[in-house]
Amino acid sequence: VLFRSENEYAYIADWIKTHQQQGTGYRDMAVLCRKKKNMEAIKQFLNRSGIPAHVVSGKEAFHKDEVLDLFNLIQGLLDTANNHAWTAILKSPLVALSEDGVFHITTQLEGETLFEKLHHAAASPESTLKTLGLTEWDIFTIKTMAPLIKNWKTKADIIPLSYLLSTILTETGGWAIYRQLPQGEQKIDHINGFLKKVAQFEKSRFQSRKMFMEMLEHTIRYPESVELDEALVPDSVTIMSIHSSKGLEYPTVIIPECHQQFNFSTSDPIIIDPEMGLGLSVKSTHFESKHNIIRSQNRTRQREKLIAEEQRIFYVACTRAKDNLLITGTRQNIAPVSTIKSFLDIILSHGYVDEATASLTFRFEEGIRQVPLIRHYEPSAKTVSQPNQEKPKDSPIELKNLHRLFEQTQSELSPE
């Protein structure tokens, strides 16, 4: 536990370097975050510190727009009659035809399929296309992209689809386009993961393209069946949300920012509990909120359920570690915990805080164990620039078999 939050990432970086020097590969380390919004910041800090790291959304990655764009492209190239796929392709960043442009082509040009109508439009004079309501940009896009799409269709029958998709991303500038979008680096990670999954499927030697597409569609529709195997994970530290880590295991796990408080706030005027009933908050004539007793009771029960759920999530995170577990957070004091508001409070509530020795004492069946709790860690100015900086002698909470702390409530929890 660190006094200063800005030092937390620096400590984690030094800790990772030390374990990597001791023989633990980057691929064997995972940073599991309670909130997704900080994952990119952690990745950037580790990268600046000389540590390769990548952000993944785990099982959710196959539902992202950039992955669906490529999936629709495969569907369209293998089946030109799939109008749904071609509508999505033409509006995607890879082609960038406007909504109006797709509408005009669909409704005003000859052809049985959207694929045929696109090529009919490409063969038409610009003056004719203008009379249909197409803008100059849409006309330029159609004239430019139609020959490329025709070439992609020809190649789809003779070269691996994973290689073709990568080529298309290069020809269209797709790599740069997706990288410039919000969370661009994460989108690139998703694309690379999908391409590797396609390549993996192709090596399985399916008896037909139809069987191949059925398997790929299953992956998109049911991402919970997809494991983050080595084919999808580069040789770097994995950063993901705790929810995405369910069912996975890593030799080394880091759970950062455990001081972040749970969100207990609720402005809903109505809180419903299956047992207690309907709790209301109404405005008085002076516009003051008045809560009935049931609402107050429901809010208390809601808070208790949230704490129980957060305990379960923390338990899931801790049990992802097979060998080493590092938990970090920031706290201004080590006073006993009266109310659980964070992951850090969960730990402190299960142990005895000894302020004299700045340690946390746990009682196990095997005996008593003390863990260093508060440590002043001041990273040097070279923390980021020198990847080989030694790990400080004192460390924050670092436990093996931390799930013992949850023995009191383990019967209520379901480890994934």
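**Strands, helices and ring pairs**

Student: How many residues of S3 are buried?

Tutor: 5 of the 5 residues of S3 are buried, so the strand is largely enclosed by the rest of the structure. Buried means under 20% relative accessible area, exposed over 50% and partly exposed in between (1.4 Å probe, protein chains only). Strands (E, at least two residues) and helices (H or I, at least four) are DSSP runs numbered from the N terminus.

Student: Before we go on, what sort of model is this?

Tutor: This is a predicted model, where local features need pLDDT of at least 70 and side-chain atom pairs count only at pLDDT 80 or more, while totals for chains, interfaces and linings use all residues. Residues are numbered from 1 along each chain as its sequence is written, and side-chain values use heavy atoms, with hydrogens and water left out.

Student: What sheet does S3 sit in?

Tutor: An open sheet of 5 strands, ordered S2-S3-S1-S4-S8, with parallel pairing. Strands pair if DSSP finds at least two bridges between them. The edges are S2 (53-55) and S8 (321-327), each pairing on one side only.

Student: How many bridges join S3 to S1, and how many to S2?

Tutor: S1 (residues 29-33) and S3 (residues 237-241) share 4 bridges, in the parallel sense. S2 and S3 are also parallel, over 3 bridges.

Student: I spotted a proline, Pro 251. Which strand is that in?

Tutor: Pro 251 lies in S4 (residues 250-255). Pro 251 counts as buried because its relative accessible area is 18%.

Student: What does Pro 251 touch?

Tutor: Leaving out residues up to four places away in sequence, Pro 251 touches Asp 28, Lys 322, Asp 323 and Asn 324; contact means heavy atoms within 4.5 Å. Arg 27 is 224 residues from Pro 251 in sequence, yet their C-alpha atoms are 9.3 Å apart in space.

Student: Switching to rings: how many aromatic pairs are there?

Tutor: A search of the whole structure finds 5. One of them is Trp 86 with Phe 115, a tilted pair at 5.2 Å centre to centre and 50° between the planes. Rings of Phe, Tyr and Trp (its six-membered ring) pair if their centres lie within 6.5 Å; planes under 30 degrees apart are stacked, over 60 edge-to-face and the rest tilted.

Student: Where do Trp 86 and Phe 115 sit in the chain?

Tutor: Trp 86 is in H4 (residues 83-91) and Phe 115 is in H6 (residues 114-123), 29 residues apart, so the pair links distant parts of the chain. Trp 86 and Phe 115 are both buried.

Student: Which other residues of H4 are buried?

Tutor: Besides Trp 86, they are Ala 85, Ile 89 and Leu 90. What covers the buried residues of H4 includes H3 (65-78), H5 (99-108), H6 and H8.

Student: Which residues make up the ring cluster?

Tutor: Ring pairs link Phe 262, Phe 314 and Phe 343 into a cluster.
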